[in-house]
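These notebook entries record what I looked up in the structure.

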Amino acid sequence: MDYQLLLSVLVGVGFLLFLILRLKIQAFLALLLTSILVGVLAGMPVDDLLNSITTGMGSTLGFVATVVGLGALFGSILEYSGGAHRLAEYLLEKFGVKRAPWSIMLTGFLIAIPVFFDVAFIILIPMIYSLQKKTGKSLFLYAIPLLAGLAITHSFIPPTPGPIAVADILGADLGWVILMGFLVGVPAAILAGPIFARHLANAMQIETPDHWENSEQQEGRPPAVGLILAIIFLPIVLIVANTLLNGPWVDFLALPEGLLQTITLLGHPFCALILANILAWYLLGIKRGVKREQLLTISTRSLYPAGVIILLTGAGGAFKQVLIDTGSGTMIAESLSSDYFTPVIFGFLLAAIVRILQGSATVAMITAAGMTAPVLTSTAYSDVQIALIVTAIASGATILSHVNDSGFWLVKQYLGISEKQTLRSWTVMTSIIALTGLVCCVFLWYIV
């Protein structure tokens, strides 16, 4: 083993955490500084190091910037139209109050596909308040399933930013990432959502916060549920169809070449999300009387938070490239030769450690992806296996949300609970999601 490379990686990770935790330096700058430090300690020539950082940034942003930007635009129009709230109301009507935890979990699962976690939570929390006041049951019975559905989709299923970034860094096929995300996410949502919520509600009776007031309803009739679901799932269906129809069995299907080319074009994440944006812009905006100037303002505003994620992901790509070019990837791959320490477990542990230490799930996912990517260059893994590694990293980055995570305080504030109650509810819920995700990923790893 090359101990200089090992030392450079260990010092680099420690330096990254020191910059973020102790000095409170923005993660984008911290990742770039860490990339430079690792390259210098590993003995890279200066020109090679700078080229490596440039290549890593450019190759990552070429894909991620486009997809995250399109996803943010799409989600902003859906949010403004009132479609998210209408979908929640519809599912409650169909499931009934008795099965409300299940319908709320499903709502969170669906809404978080186009809408950022915190935005979706704030949109839907008034519905949770209303249910608690109506039934008199613990607020946890409805809030935990919502949070579980939102958290899982936000971390596991593209086109949300986290899995998009990890998939690009690892070179994963988005169609398989979506499929694996659903396979792993559903059992995790059930265990961490309605099942855990029932236990928690029996243990702690939490009322709606006194400061809550009914939120102002948006003027006009909300869009139809069928239209909302069609627009949300259109890009997902197109991406998955592209993956499946261009897989190993394409020759068996004997589809016309023109049809295959059309599916390949429309099923690329760029085109799929562009099409969804156009439909949302017209059907949820123009057709419903929203002025073009207003749509422009809404969509432009949505790109501000997306910009932070895009730059952070680019810095993560630079870190990954430095690790590859220094030869650290080969060293890490050799240390993973044991059958008991697969890349799935490796990626999960890396993401979990960074998540627990510094709080941000996005930083944890990108850091773990950057360190796991070199492993994949030395061994041939299938598209399904790489997708499982993406999901395992997402699982690790979800674990044990506590006081250094902004999500912890968001949940505490809106549910009106103490830090201790937040640890017993939200923190435990995120850990259930993470551990269930790991178990499912390991199981699928050995059967695919």
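Entry 1, Ser431. I located Ser431 in helix H20 (residues 419-447); helices (H or I, at least four residues) are DSSP runs numbered from the N terminus. The model is predicted, so I noted its limits: local features need pLDDT of at least 70, side-chain atom pairs count only at pLDDT 80 or more, and totals for chains, interfaces and linings use all residues. Residues are numbered from 1 along each chain as its sequence is written, and side-chain values use heavy atoms, with hydrogens and water left out.

A polar atom of the Ser431 side chain lies 3.1 Å from the backbone oxygen of Thr427. Setting aside neighbours within four places in sequence, I found Ser431 in contact (heavy atoms within 4.5 Å) with Ile399 and Leu400.

I found Leu245 in helix H10 (residues 225-245). Its relative accessibility is 22%, and therefore Leu245 counts as partly exposed. The C-alpha atoms of Leu245 and Ile263 are 8.1 Å apart in space, at a separation of 18 residues in sequence.

I searched for cavities, each a set of points on a 1 Å grid over the protein atoms alone where a 1.4 Å probe fits but cannot get out. The count came to 1 cavity of 30 Å³ or more. The largest cavity holds about 80 Å³ of space, a volume being the space filled by probe spheres set on the points. Its lining (residues with an atom within 4 Å of a point) has 13 residues, and Ile113, Pro114, Phe116, Pro159 and Thr160 lie nearest the centre. Helix H3 (residues 46-81) gives the most to this lining, with 4 residues.

A pocket is an open set with protein on both sides within 12 Å along at least five of seven lines. I noted about 1200 Å³ of space in the largest pocket. The largest pocket is lined by 45 residues, with Phe116, Phe117, Asp118, His154 and Ile309 nearest its centre. Helix H14 (residues 292-326) gives the most to the lining of the largest pocket, with 7 residues.

Note on methods: Helices (H or I, at least four residues) and strands (E, at least two) are DSSP runs, numbered from the N terminus. Buried means under 20% relative accessible area, exposed over 50%, partly exposed in between (1.4 Å probe, protein chains only). A polar contact is a pair of N or O atoms within 3.5 Å; within protein, one must be able to donate a hydrogen and the other to accept it, and residues adjacent in sequence count only if both atoms are side-chain atoms.
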